[in-house]
Number of protein chains: 2
Amino acid sequence: MKYLGLCTDLYELTMAQSYLYEGKTGTAVFSLFVRKLPEKRNFLISAGLETLVERIKNFKFGDEEIKYLKSLGIFKDDFLDYLKDFEFSGNVYAIPEGRIVFQNEPLVQVEAPIPEAQLLETLVINTIQFETMIASKAVRSYLVAKGKKLVDFGFRRAHGLEAGILAARASYIAGFDGTSNVEAGREFGIPVVGTMAHSYVMIFDKEEDAFRAFAKLYPKNAIFLIDTYDTIEAAKKVVDLAKEGVPVVGVRIDSGDIVKLSKEVRKILDENGLKNVRIIVSGGVDEYKIKEWFDRGAPIDAFGVGTKFITSADAPYFDIAYKLVEYEGKPKYKLSPGKKTFPYKRQVYRYYENGKMKYDETAKWESKREGEPLVELVMKNGKLIKELPSLKEIREVVMSELEKLPENYKDITKHYEYEVKILDWE
Amino acid sequence: MKYLGLCTDLYELTMAQSYLYEGKTGTAVFSLFVRKLPEKRNFLISAGLETLVERIKNFKFGDEEIKYLKSLGIFKDDFLDYLKDFEFSGNVYAIPEGRIVFQNEPLVQVEAPIPEAQLLETLVINTIQFETMIASKAVRSYLVAKGKKLVDFGFRRAHGLEAGILAARASYIAGFDGTSNVEAGREFGIPVVGTMAHSYVMIFDKEEDAFRAFAKLYPKNAIFLIDTYDTIEAAKKVVDLAKEGVPVVGVRIDSGDIVKLSKEVRKILDENGLKNVRIIVSGGVDEYKIKEWFDRGAPIDAFGVGTKFITSADAPYFDIAYKLVEYEGKPKYKLSPGKKTFPYKRQVYRYYENGKMKYDETAKWESKREGEPLVELVMKNGKLIKELPSLKEIREVVMSELEKLPENYKDITKHYEYEVKILDWE
């Protein structure tokens, strides 16, 4: 897939052709927003903008794409010529990555001749929903991890390879420390980490031979998976190895009663002078488990967080929409039950009290209210007008945002709805 | 991403280097299986094999990949040379796409020198889980749709673009009739379909002008979205248009009380001689809604199935594993609590009674039992040894499989566990 022009729903193309045919090429504004946060999300972390900008640049139609569209028999030659030359020429307004956002806030607004803005619909929703959803899930583990290390172990159960790679990005900005995903390491410069699998332990005649072989090659990363046969026995073997002089950095427990095992293993290690050996836990880890285990006093130093975070299992999609809000300067809105939209290109203003977020307002772009404006012009006439921040910078934005978020919204078990006032309805 | 070699977890690479360093290059068999079906799945549709074969062929390391791995400082030059020349040389055994499968059945078995088989772990799980999960979700809509049309409308809320494209493939083999996803149409030859969005209706001064303009350009696909303002009023406008001679193929309802609206709209259409005009429903459609609406007598002709199917929302991941089961001809298994594995490369035998599936057995590959064997050798010494079926052929396999599945397993609301006997434990 060299070009992304076909990464769209068919109706975007049929509507675009009709718009052009009817001379409807006025400037439209479409707004992407989450209508209602899932019950288990008190706030979201805005993410995916850099991916979106890359994708929009690549939203073009090459010979192969044109040939396929022609084969469908529903597009006229002059429309195919229009697509052949297609390059997005509009403006993109967005809330930068890493900001905390809420329901009904325009994460991305696309302002362009309507055929262009329409063609991008599928791409915009697909891109922003996924990374925002994953960052917003990952940050919940960060909130309960009490400064302990978090690593993305989810690649294998992501919805495809691309999802795994983008999720590694989203989790890193949300406070994870690294990923097991090597491609994500290369693409985004995220620290890559890993230990060993059960298969590795099983290949050696004795468990301790596997540990010894691994430590020989990776003395700085000598983390041993100790639950293949008997976790407690394996912990004792680790002690013996350390006494032999084998480097031991940590042990990983991937199954069983994590609280009980981690306490017993900690005791064995401590009693043998291995206070610096870390305990890493994986297998079914999510924010609920982390909280529960810490509440029960489990001495865990790091978590491999996998399946449930990378699929955003308790909220695997958002009620997210990309809606027409303005056409030729006039407000547009929809009245369908449960699917009402708010007219106009909008700014989001944030208000604080004692340094903590108090409420937000969304109002007409030109409204000049007093709060902190969140929305920025990112692409103008199809060109990026400012350098996008690095992944590390976005991560720092998230950390600073969490400082400003009142504590109740950080609760992972209770629902609190932050106030977003919607001005300028008509 | 030209090559897929880095689409792996770091530990696969560190283990592979250690295996080579320790001279552990014997033949291993790894088995991919679902440990326990989610409560809301009575059976699965095997899918993703073609994607996997393509990915395995492309699992290589180019200059860029080698350069990145070198930069990590943990891989020796001779291992990097090994990767530079890497090409999978082993055997792949699999249950063909479209077959009905159950818990503990080896969907894919990789037999290769252990460093190779280990390196593929992440790729195999990622690929097979996703497509199998989506096909297994999609088929549930097919089971309750009573022969009415089903179309994939999920692209926008898939976990990334790739997930959307592969989900279109998986849903087509599971009985869907088409997709809105244009790229999937091009890649897989799936019929592409679409109607119009609310934005399109809102751009015209009057609702009926939008319908008229659309029908003029697409007389064969004149399906009008009628819920932008008032669904009943819009249905009446559709009748007027038809009387004017405007072609009308169908109407789409995307919100509101679907049962009530579809009945009223049907009545309006029928009373005005528009018995052939179809009613298409979208918006929050899944197998539960389809069943409920039909149980309540809704006269719906086609469904746009989106978000909940494309994210497999009620089971967004499986308890799926890729485990070492044999090394150098010796059985291997794991004893971790809740994570037991079964040794040996295996065949799956299926037994029937009166043409309906009765139970399955898994036994040693060489066991020659009486049932129908499901597992086939697909790749030998790294090469595909048989042409894989076309998408249409796979779809026919699914249809034929559903014929053989006893009715109780087709219930989407109750859980029935099919018997899979596991022979040859040790």
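Which strands of chain A does helix H6 (residues 121–144) lie across? Helix H6 of chain A lies across strands S1, S5 and S12 of chain A. This is a predicted model. Chain A holds an open sheet of seven strands. A search of the whole structure finds six cavities of 30 Å³ or more. Chain B can be laid on chain A by a turn of 180°.

**The sheet in chain A**

- The strand order is S13-S12-S1-S5-S3-S17-S18, and the pairing is antiparallel.
- Strand S13 (330–331) and strand S18 (383–384) of chain A stand at the edges. Each has a single partner strand, so one side of each is left without a neighbour in the sheet.
- Strands of a sheet pair through backbone hydrogen bonds, in a parallel or an antiparallel way.
- Strand S17 (residues 376–380) of chain A pairs with S18(A) in the antiparallel sense. Two bridges join this pair.
- Within the pair, Met379(A) stands opposite Leu384(A), a residue of S18(A).

**Helices on the sheet**

- Helix H2 (residues 49–57) of chain A packs on the sheet. Helix H2 touches strand S3 (91–94), strand S5 (108–113), S17 and S18 of chain A.
- The direction of H2 makes about 20° with that of S17(A).
- Helix H6 of chain A lies across strand S1 (27–36), S5 and strand S12 (319–327). Helix H6 runs at about 135° to S12(A).

**The largest cavity**

- About 70 Å³ of space lies in the largest cavity.
- Its lining includes Ser31(A), Phe33(A), Asn104(A), Glu105(A) and Pro106(A). Gln109(A), Val325(A), Phe342(A), Tyr344(A) and Arg346(A) also line the largest cavity.
- By class, this lining has five nonpolar, three polar and two charged residues.

**The second largest cavity**

- The second largest cavity has a volume of about 60 Å³.
- Residues of chain B line this cavity, among them Ser31(B), Phe33(B), Asn104(B) and Pro106(B). Val325(B), Phe342(B), Tyr344(B) and Arg346(B) are also in the lining.
- By class, the lining has five nonpolar, two polar and one charged residues.

**How the two chains relate**

- Why do the copies meet through the same surface? The reason is that 100% of the interface residues of chain B are also interface residues in chain A.

Key. Residues numbered from 1 in each chain as written. Chains lettered and ligands numbered in written order. Predicted model: local features only at pLDDT ≥ 70, side-chain atom pairs only at ≥ 80, totals over all residues. Heavy atoms only, no water. Pairing = 2+ DSSP bridges. Helix = DSSP H or I, 4+ residues; strand = E, 2+ residues; numbered from the N terminus. Contact = heavy atoms within 4.5 Å. Axes fitted to C-alpha atoms, helices over the stretch in contact; angles between N-to-C directions. 1 Å grid on protein atoms, 1.4 Å probe; cavity = no way out; pocket = protein on both sides within 12 Å on 5 of 7 lines; lining within 4 Å. Points joined across faces, edges and corners; volume = space filled by probe spheres on them. Nonpolar A, V, L, I, M, F, W, Y, C, P; charged D, E, K, R; others polar. Least-squares fit on C-alpha atoms with pLDDT ≥ 70 in both.
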